[in-house]
Amino acid sequence: MAIDVESESPLVGDYQNQRGSVNHEKDVHILSCAFLLIFLAYGAAQNLESTINTEADLGTISLGVLYLSFTVFSIVASLVVKKIGSKNALLLGTTGYWLFIAANLKPTWYTMIPASLYLGFAAAIIWVGQGTYLTSIAGSHASDHNLHEGTVIGKFNGEFWGIFASHQVVGNLITLALLGDGKGGGASDTTVLFIVFLCSMTLGTILMCFLSRRNAKEEASPQNSSVSFLSTVISSSKSIFSLLLDVRMLLVVPLIAYSGLQQAFVWAEFTKYLVQPKMGESGVGGAMAIYGLFDAICSLAAGRFTFGLKSITLIVSGGGIIQAVVLLWILLNHSVDYGIVGILVIAGLWGIGDGVLNTQLSALLGILYKHDLEGAFSQLKLWQSFTIAIVFFSSPLISLKAMLVIMFAVLCISMVAVLFLMLKVEKAFSNPDSL
């Protein structure tokens with residue numbers, strides 16, 4: 001429970017219960033807006049990495065290093081979140097994003113690579129913390145008001161991912177405004193852009209300080225005993241790897257992997273091969289703004305229609321079909337000049353698919369693994385970051401056509417796995433109280 005009333009007077013306890021829903025919803029608003037301020041900067045910067053830091057592929061390689069580091073640290077992220085608490089994890093995670101943006105003010109191998117390595121650690125911490133925190137307050141809200149937990153998790157995830165996805169709109173419109181013409185801005189324009197991004201991140205970090213702490217056990221200070229710490233490490237490692245023996249997780253992993261592939265595709269391949277040649281560097285901001293707009297709208301809508309495993313499966317299938325159509329469209333016409341309208345249509349459709357995957361994966365893991373949220377969201381970020389790293393490292397080595405074929409194959413596998421999850425194990429796991 002988010003509110004402990006055992007030691008309070010009945011009057012205080014009643015008052016806290018009356019205010020419980022307001023506090024839970026307030027925390028969702030704060031968390032969502034803080035992530036918007038932080039990621040409007042990072043998201044726009046990430047979209048530009050492959051086009052502004054082109055010397056020896058510094059931008060692309062930096063992102064590859066980032067997500068490889070993200071993969072490694074995802075293994076221990078749940079331990080860190082359990083030891084320091086989800087709110088502290090969120091605050092610690094913001095430091096990596098701030099440092100990465102600062103490194104872009106003077107992009108060299110000596111600034112970008114160390115910043116990328118540290119951001120991998122920070123990203124693992126902040127995202128496991130985010131998933132744990134958001135699902136925890138959704139559970140508290142459902143319990144306090146006798147609501148269906150799956151519905152509340154879907155609603156809260158819909159709001160968070162809807163507001164979060166709008167970072168692509170805001171951040172890329174800022175990029176479009178400051179970089180000016182379609183040929184991209186000069187060094188001074190880029191410097192101003194990253195200074196604005198640093199200011200936005202600072203505001204987001206300050207806002208995150210106003211989040212409430214969810215429960216005393218999670219925020220308890222770590223023990224000083226080395227034996228206790230070692231036992232915790234071993235226990236946490238067993239928890240992470242034991243999830244891979246769970247048939248439910250094995251069936252979800254392909255979808256998690258695909259979600260990483262499709263995100264990396266739009267950040268690296270789509271912007272580099274389709275957007276920049278036609279619309280220039282500043283055009284990347286415009287196209288990604290359309291992507292983010294449809295992502296945000298779809299996230300909000302998908303969250304409202306999430307009630308349980310069956311609804312999640314139907315929504316994911318719809319998003320998968322949309323992205324499959326886009327993949328086939330590009331694959332069969334990859335040498336065609338799409339024109340600006342065609343590029344924007346592809347961006348919008350891809351945003352719809354991403355909105356579906358973000359909301360539904362978080363809701364699915366929150367429903368299936370409510371007793372091990374840290375471990376479940378560690379798995380989410382481990383497999384996502386691993387596949388994203390593969391895309392960034394392999395991007396200079398394989399063709400766009402080969403990348404599209406791989407993505408289409410993984411998408412088909414993930415759709416079959418999700419359908420199997422619903423058909424074969426829904427009766428055992430669709431009731432959250434039985435998990």
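The legends below describe several close-up views of a predicted model. Local features need pLDDT of at least 70 and side-chain atom pairs count only at pLDDT 80 or more, while totals for chains, interfaces and linings use all residues. Residues are numbered from 1 along each chain as its sequence is written, and side-chain values use heavy atoms, with hydrogens and water left out.

**View 1. The helices of the protein.** The protein has 14 helices and 0 strands, where helices (H or I, at least four residues) and strands (E, at least two) are DSSP runs numbered from the N terminus.

**View 2. The largest nonpolar core.** This core, a set of buried Ala, Val, Leu, Ile, Met, Phe, Trp, Tyr and Cys residues joined through side-chain atoms within 4.5 Å, holds 120 residues, of which Phe35, Tyr42, Tyr97 and Trp127 touch the most other members. Helix α10 (residues 247-304) gives the most to the core, with 23 residues. Buried means under 20% relative accessible area, exposed over 50%, and partly exposed in between (1.4 Å probe, protein chains only).

**View 3. The surroundings of Trp127.** Leaving aside residues up to four places away in sequence, Trp127 touches Phe35, Phe39, Phe70, Tyr97, Phe160, Trp161, Phe164 and Lys381, a contact being heavy atoms within 4.5 Å.

**View 4. Helix α12.** Helix α12 (residues 339-368) should span 44 Å at 1.5 Å a residue, and its end C-alpha atoms are 44 Å apart, which agrees; the expected span is 1.5 Å times one less than the number of residues. Because 24 of its 30 residues are buried, α12 is largely enclosed by the rest of the structure.
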